[in-house]
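Let's look at this structure together, one feature at a time. Have the sequence and the 3D view ready.

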Amino acid sequence: MRREEQLSELKNNPKVDVLIIGGGVNGIGTFRDLALQGVTVLLAEKGDFASGASAGSSHMLHGGIRYLENGEFRLVREALRERNRMLKNAPHYVRPLPTTIPIFKWFSGMLNAPLKFVGMTSSPSERGAAVIKIGLTLYDFYTRGNRAMPTHDFVMKRGSLEKYPKLNPDIVCTATYFDAWMPTPERICIDMIRDAETANDNALAFNYLRASSGSGDSVTLTDELTGQDYRVQPKVVINAAGPWIDFVNQAMNEETKFIGGTKGSHLVLNHPDLFEATGGNEFFFENVDGRIVLIFPFINRVIVGTTDIRIDDPDEAVCTDDEIEYILSLIPKVFPTIDVNRSHIVYTFSGVRPLPSADNNRTGTISRDHSIRSVVAGNHLNFPVHSLIGGKWTTFRAFSEEVADVVLEDIGKTRQSDTKDTPIGGGKDYPMSEEDKQNWLKSVQQQTELSLDTLTTLFERYGTYAADVGQYMSAENDIELQTMPDYTRREIQFIVKNEKVVRLEDFIQRRSLIAMLGLANSDTVREIGHIVGETLGWSDVQTQDSIERTLELLKHKHRVGNI
Ligand SMILES: Cc1cc2nc3c(=O)[nH]c(=O)nc-3n(C[C@H](O)[C@H](O)[C@H](O)COP(=O)(O)OP(=O)(O)OC[C@H]3O[C@@H](n4cnc5c(N)ncnc54)[C@H](O)[C@@H]3O)c2cc1C
């Protein structure tokens, strides 16, 4: 059924068990969990899915070694467990990440860390080798029963400089441990929506549908494309609007001050020397101001970040000139001889962390743990509203499970299954060994007659869901894009039809890596714009408007220079 038809069904049938406002990873994770319990659940996202904080992350699934120092042992343990689950459940989109900390002192931070733990100081200090050793030993200890990756390793100065010749020679040693990273967090979210809707006919997720007001027994949802309003009557509302949570509560006449968001920005650099200098490792360290810095090989680019700046309106989060200067100034601390400047930037992105509201000047020390704040049914609203505060990408599954349990109790249902071992999308039946992968590719080749090279590219993009994409591509004549020959018309058509693409930028920014890798030049956007427009039945004017809008967005919000 098309989006418009599904929306008009809402008019006939406005009653739902659960309304989830916000389609970031926490809203979508909860949507999937509830769908798997057979609950009637509707998700409304004001923009595209995973376009808020969930797109602005550092792309890491990690325990968060730094949180140990704040005494957040529960969070670190949970995050490590969830990281390992994601390596197993979404192997198509989650990869091990060797992470190296360059260390400049042996004993610095020895006093600071325990004082922080007992709450006597919050000032930053550079971590010495001894403190990092304690942290990494705990990290290994937490995963001892479920070792998915190697334990940590310290390498002395000489060995480190042999391995990373461009590394700052002022180091005393390096520590390397393993975490995980996600090339396409947005696609993980899309996979989970598809899994949920496939499992349950009464689970529906809409993008470009804003929760605009609420009173009595209903919430008004406004279609951002047409302005049309839809009133739904939920038994329970989950406010999963991340950094927008207080705005959503306010729109429903509930004044809350749950969130104190901080903006973080990243640069994507096209810099082969820097890429090579990392040796395939993430370099991770704490700047003198206490902010976390990461330099991170990303496909064939390098991501560098991040900042941590208070912001009131999440809609205004963009990477500013000052942030660019700040982030660029961090690189020479680790790789002093590599020249990196603005000309290497191919994309920038920013997100707002939905942190709990706190009177704390040192934003880095505010807890990254999650919590549920509930407003019971009362004066203005006849249903309870559960707001999902904080959290990390890494822990979304556990958080979603916790929220789903609260909601199941509200509506008097019991849990039928959990998601601990549930594969996500194209992670289902994923061939883990090289031999199994080759066998899988050959068997799909027999059904599709696509070349092994094409199928390998699709497999890299979609995991085992590549079989569906490939079958659609080979069902009729297909043609490569002129501006980007590793995409074909029918691949784009398939994704647009099956993955709720509503606007051109949804495909360019969130269903593919085209924008992130700095490949969205004017010609590419135009060519893809015409395919998306034809697939969605747009007029020439609509297609043209959409292309111009996307180019503007890339240029002004993401600093894409070549358009
Ligand atoms: C700079 C940065 C770096 C980070 N790095 C990491 C990392 O490396 N690893 C990690 O684990 N975590 C990381 N995080 C944290 C993680 O990204 C977030 O905690 C997580 O994505 C929050 O997801 P969410 O679903 O709660 O919020 P969001 O993803 O922001 O989703 C909320 C959604 O609600 C929608 N919405 C708002 N108002 C309305 C409305 N009225 N109606 C309908 N929809 C609405 C928004 O459009 C948005 O899509 C990082 C975060 C940031 C910002």
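Q: Which helices and strands each supply at least two residues of the lining of the second largest pocket?

A: They are α1 (3-12), α8 (185-199), β7 (203-206), α16 (489-498), α18 (522-536) and α19 (540-558), with α8 giving the most, five residues. Helices (H or I, at least four residues) and strands (E, at least two) are DSSP runs numbered from the N terminus. A pocket is an open set of points on a 1 Å grid over the protein atoms alone where a 1.4 Å probe fits, with protein on both sides within 12 Å along at least five of seven lines; lining residues have an atom within 4 Å of a point. This is a predicted model, where local features need pLDDT of at least 70 and side-chain atom pairs 80 or more, while totals for chains, interfaces and linings use all residues. Residues are numbered from 1 along each chain as its sequence is written, and side-chain values use heavy atoms, without hydrogens and water.

Q: What is a salt bridge, and which residue does Lys500 pair with?

A: Side chains of opposite charge can pair when their charged atoms come close. The rule asks for a side-chain nitrogen of Lys or Arg within 4 Å of a carboxyl oxygen of Asp or Glu. Here Lys500 pairs with Glu197, with their closest N and O atoms 2.8 Å apart. Lys500 sits in the loop between α16 and α17 (504-511) and Glu197 in helix α8, so the bridge ties together parts 303 residues apart in sequence.

Q: How many salt bridges are there by this rule?

A: The count comes to 38. Another one joins Lys235 and Asp17, at 3.0 Å from N to O.
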